[in-house]
Amino acid sequence: MRRGWPLLLSRAWRRREERRSAALASRGRISPLNLVWGLAALAAAGLLFGYAWRAWRRGRPEAAAAAIVVAGLVLRMYAGCDLFLHTWDERYHALVAKHLVEHPLVPTLYDHPVLPYDYRNWRANHVWLHKPPLALWLMAAGMRLLGPDELAMRLPSLLLSALAILLTYVIGSHLGGRRVGLLAAGFQAVNGYLLQLPGGRVAVDHVDNALVFFVELGILGAVLQVRGWRPRPGTRYGIGHGAADGAGRSGGWPAFFLATLAIGAVCGLAVLTKWLPGLLPIPVWLALAWRRQPPRRLAAGLLAMAAGCAAVALPWQLYIRAAFPLEAGWESAYNLHHLAVPIEGLGGSPLYHLLNMPRYFGELIYLPLGWFLVSLVHPAWRRSPPGRRAGPRQPDRETAGPAIAEREEAREEREDRSRPEDRAPAEGRRASEGRRASEGRQALDVLPLATWLLLPLVAFSLAATKLGGYIMIAAPALFVVEASFWLWLWDRRPRPGGARDARDALRVAWAALRCAALVLLPLLPLRYTVERMKIRPGYDRNPPWAKALRELPARLGPGPVVLFHLDRPLEAMFYTPYIAYEGLPTPAQARRLTAAGYRVVVLDAAAAPPELRRLPGVELRPEAIPLSPLDDGTGFRLPRPDGSDSPLAGTTSRP
């Protein structure tokens, strides 16, 4: 069956990597191709960001946003082109998604387990309900269209991650102006951790990636429902009556119910991705609608969103409770254990997420975060500086729009004056762009941002189980805050040619600190981005163990094969049609399997015990799958000797 150009590109990339790996092994030296491709990706992204800046200066914010999205996609495609499955947790998700291609309603890890298993151990069980199915269905859809391939499996996640950048731009434009939206989208496009998620390089990978997208989609729906979005001629977004009264009130009850039902449905999709964190758009909507909607509308909206969410997410819960009661009951209890027990040894203090923020957002992230927290109680911090209040436009302002944008503003101002009912929204639109030095510059809408940012941070800080990706659903809100803080500093830079006196030394020092923050705030996280992209010559994207697993079907042939004695059984089941186990079988197990018609194949037969060697029907193969090095980018983590990182540690009793 023809699968189109994406499959051809995938095969071409694989052949290139295989030739590179062969050359690397034959010459016994480091190949520079990974470095070359990495630098090319960085250069392409840099050119796109340059185009985005130029488009913004020419009054084309939509083109600038599109360039930022494409730049983010380029970086994500480079990070997502590893030709192997990453250990935590991509190999589990990929194998379950592969099986979902054949039976979409029965998620399985071991599709046909031939040895006893514990249904509670999500690392080696049969029916796999450890994560909800939506992200896995998307991965399965990629493989259904393009074949069982790593790149096909990652493609939906890569596209969702790029689209999330666009959502951040639109949300940021509504909450703080287009400058804020574009800068926040740029921060998200180059964030190193969010680059790794769709490439499967960090824990919870594709699941967290889809969760970020659907939570943002729900929050965008909430923003548009409350504030409204009426496109205006020219280059700016109109806020419309929703800025004051809410789009739901002006649109009537039918439109209000449809909008809130849609928000609830998106929340249902997020719940189908990763349980209760998917409900975050609902409190954000409440924060947006507070004091903008009457109480009965607030209550009706909450009921409509609950109904929409239940209509999407509840059928799956009812289905698994009926079809797999043991597994469904255990996973529900297991999720609650995360709150009270550090599952799999993933614990930490209540300050864990706060202290680890510099790893994901740069060492200066505490500056915009502190500025935002103070702004919650001191809104004056966000006002324009006295020296830049309403008055004639300063010719030296670098933030002033180009001539075309100025003409557009003048035209829109004339239109706004002809419509008295639109004067207030028009002022908000002008202020949101930062192109007029007026005291009416649109202030950041802090209440929904505070809900979006602080609710996950506080909730996951109080939970016993800690993992860096848990708070990534709040990352777009943090990017909006960071962009607002950066622009707040930028608008307060000293004007050239100002008067000087004896007290200027302090002003000069403060200006130097401000300039350092302006440079370092976006620059410091970039070094983590380059590090996580793994742009280095020695990084092997097609390691020997992955190639050896792909070659097994050609060596062993067809048939019901059960592989034993290989350190990556889950990857073996993804790359081959066989069943695979890490250890050696007992003689009784081998006899039972051969009697049932299975071919029992033991790899690296030199380690097989004598009693297993004497059994008839057991195939002893001398070849061994190469061990995977600890630095191959899989995030490999050795099991702890005391078993404290076991999935069942501390969970033997219900909470």
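1. A charge sits over a ring if NZ of Lys or CZ of Arg is within 6 Å of the ring centre and within 35 degrees of the ring normal. Arg91 meets this rule over the face of Trp88, 5.8 Å from the ring centre. The charged end of Lys98 is likewise placed over the ring of Phe574, at 6.0 Å from its centre.

2. On the basis of the note: this is a predicted model, in which local features need pLDDT of at least 70, side-chain atom pairs count only at pLDDT 80 or more, and totals for chains, interfaces and linings use all residues. Residues are numbered from 1 along each chain as its sequence is written, and side-chain values use heavy atoms, with hydrogens and water left out.

3. Overall make-up. The chain has 25 helices and four strands; helices (H or I, at least four residues) and strands (E, at least two) are DSSP runs, numbered from the N terminus. Of the 655 residues in the chain, 55% are buried, where buried means under 20% relative accessible area, exposed over 50% and partly exposed in between (1.4 Å probe, protein chains only). Contact means heavy atoms within 4.5 Å. Among contacts between residues at least 6 apart in sequence, 75% join residues at least 24 apart.

4. Aromatic pairs. Rings of Phe, Tyr and Trp (its six-membered ring) pair if their centres lie within 6.5 Å; planes under 30 degrees apart count as stacked, over 60 as edge-to-face and the rest as tilted. The count by this rule is 23 aromatic pairs. Trp137 and Trp316 make an edge-to-face pair, with 5.5 Å centre to centre and 85° between the planes. Trp137 belongs to helix α5 (residues 134-146) and Trp316 to helix α12 (residues 295-323), so this pair ties together parts 179 residues apart in sequence. Trp137 is partly exposed at 28% relative accessibility, whereas Trp316 is buried at 8%.

5. A tilted pair. The ring centres of Phe460 and Tyr470 are 5.4 Å apart and the planes lie at 35°, so the pair counts as tilted. Phe460 is in helix α19 (residues 446-462) and Tyr470 in the loop between α19 and α20 (475-490), so the parts joined are 10 residues apart in sequence. Phe460 is buried at 18% relative accessible area, and Tyr470 is buried at 13%.

6. A ring cluster. Trp88, Tyr92, Trp122 and Trp128 are linked into a cluster by ring pairs. Trp88 is also the ring under Arg91.

7. Helix packing. The axes of α5 and helix α9 (residues 205-227) come within 9 Å and cross at roughly 105°. Axes are lines fitted to C-alpha atoms, for helices over the stretch in contact, and angles run from 0 to 180 degrees between N-to-C directions. Angles under 35 degrees count as roughly parallel, over 145 as roughly antiparallel, 65 to 115 as roughly perpendicular and the rest as oblique. The two helices, α5 and α9, are therefore roughly perpendicular to each other. Leu134, Ala135, Leu138 and Met139 of α5 make the contact with His206, Val207, Ala210 and Phe214 of α9.

8. Leu521. This residue is in helix α21 (residues 504-533) and is buried, with a relative accessible area of 3%. Leaving aside neighbours within four places in sequence, Leu521 contacts Leu364, Pro368, Glu482, Phe485 and Trp486. Gly362 is 159 residues from Leu521 in sequence, yet 7.2 Å away in space, C-alpha to C-alpha.

9. Cysteines. The structure holds zero disulfides, a disulfide being a pair of cysteine sulfur atoms within 2.5 Å. For Cys267, the nearest cysteine sulfur is that of Cys309, 5.8 Å away. Cys267 is buried at 0% relative accessibility, and Cys81 is buried at 11%.
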